[in-house]
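This report concerns a predicted model.

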Amino acid sequence: MPHRTQQSGNKLLSFRFNTMIVAIIGAAVVVGILIGVSVNTVVNSSPDNVASSTYIDASAPDADVCVQYGASAIVTDARVFVTLNPFRVYVSQARMQPGCVLRTSDWSILQQKNLVTSQQVSTCKNSLNTFAYTGKLENSPQISCVYPNDAAGNLFASQAGSATKTQ
């Protein structure tokens, strides 16, 4: 009989030990998930860290209109002053704000709201440009006729390709 008691005691101790290990591992996994979610939320929700196109789309003026009829954008406004005597160039601090670039086939949205004239549409169309704006469409947005500059290229994409080659 004493042999059985020792054997059942070892099984009970072994069972408690295994259960404790599983509980510790489970707690570690739960804590890790909670820390990961909280860090991810803090990192992506700050306006100082624009890390994804989803954040830019959500920040665009009239986000639903912008995504449906064009593309959201980061608009950079800066002023350049040039003096001739002495020759110097001065640049103001850039101001970043959300904006929207419309497809040429969707300018009618601006015309329906009487935000652009037929003369502005004609001038912009003749130059093969498109319209872009900042601010809500209902609150007198700043509308510009913009030229698509494809010659600049995407330097982020070309750097990513060269980084892959060097690794």
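The largest nonpolar core has 13 residues, among which Leu102, Trp107, Leu110 and Phe131 touch the most other members. Two or more residues of this core come from each of β4 (95-102), α4 (108-112), α5 (118-126) and β5 (130-134). In soluble globular proteins, nonpolar side chains tend to be buried together.

Beyond its neighbours within four places in sequence, Trp107 is in contact with Leu102, Val121, Cys124, Lys125, Asn129, Thr130 and Phe131.

The structure holds one aromatic pair. The ring centres of Trp107 and Phe131 lie 4.9 Å apart with the planes at 70°, and the pair is therefore edge-to-face, as the angle is over 60 degrees. Distant parts of the chain are linked by this pair: Trp107 belongs to the loop between β4 and α4 and Phe131 to strand β5, 24 residues apart.

Several loops carry backbone features of note. The peptide bond from Asn85 to Pro86 is cis, with omega near 5°, and Pro86 is placed in the loop between β2 (80-84) and β3 (87-91). Phi is positive in Leu128, near 60°, although this residue is not a glycine; Leu128 lies in the loop between α5 and β5. Ser140, also not a glycine, has a positive phi of about 50° and is found in the loop between β5 and β6 (142-146).

| Residue | Relative accessible area | Class |
|---|---|---|
| Trp107 | 5% | buried |
| Phe131 | 3% | buried |
| Leu128 | 71% | exposed |
| Ser140 | 66% | exposed |

How values were computed
Residues are numbered from 1 along each chain as its sequence is written. This is a predicted model: local features need pLDDT of at least 70, side-chain atom pairs count only at pLDDT 80 or more; totals for chains, interfaces and linings use all residues. Side-chain values use heavy atoms; hydrogens and water are left out. A nonpolar core is a set of buried Ala, Val, Leu, Ile, Met, Phe, Trp, Tyr and Cys residues joined through side-chain atoms within 4.5 Å. Buried means under 20% relative accessible area, exposed over 50%, partly exposed in between (1.4 Å probe, protein chains only). Helices (H or I, at least four residues) and strands (E, at least two) are DSSP runs, numbered from the N terminus. Contact means heavy atoms within 4.5 Å. Rings of Phe, Tyr and Trp (its six-membered ring) pair if their centres lie within 6.5 Å; planes under 30 degrees apart count as stacked, over 60 as edge-to-face and the rest as tilted.
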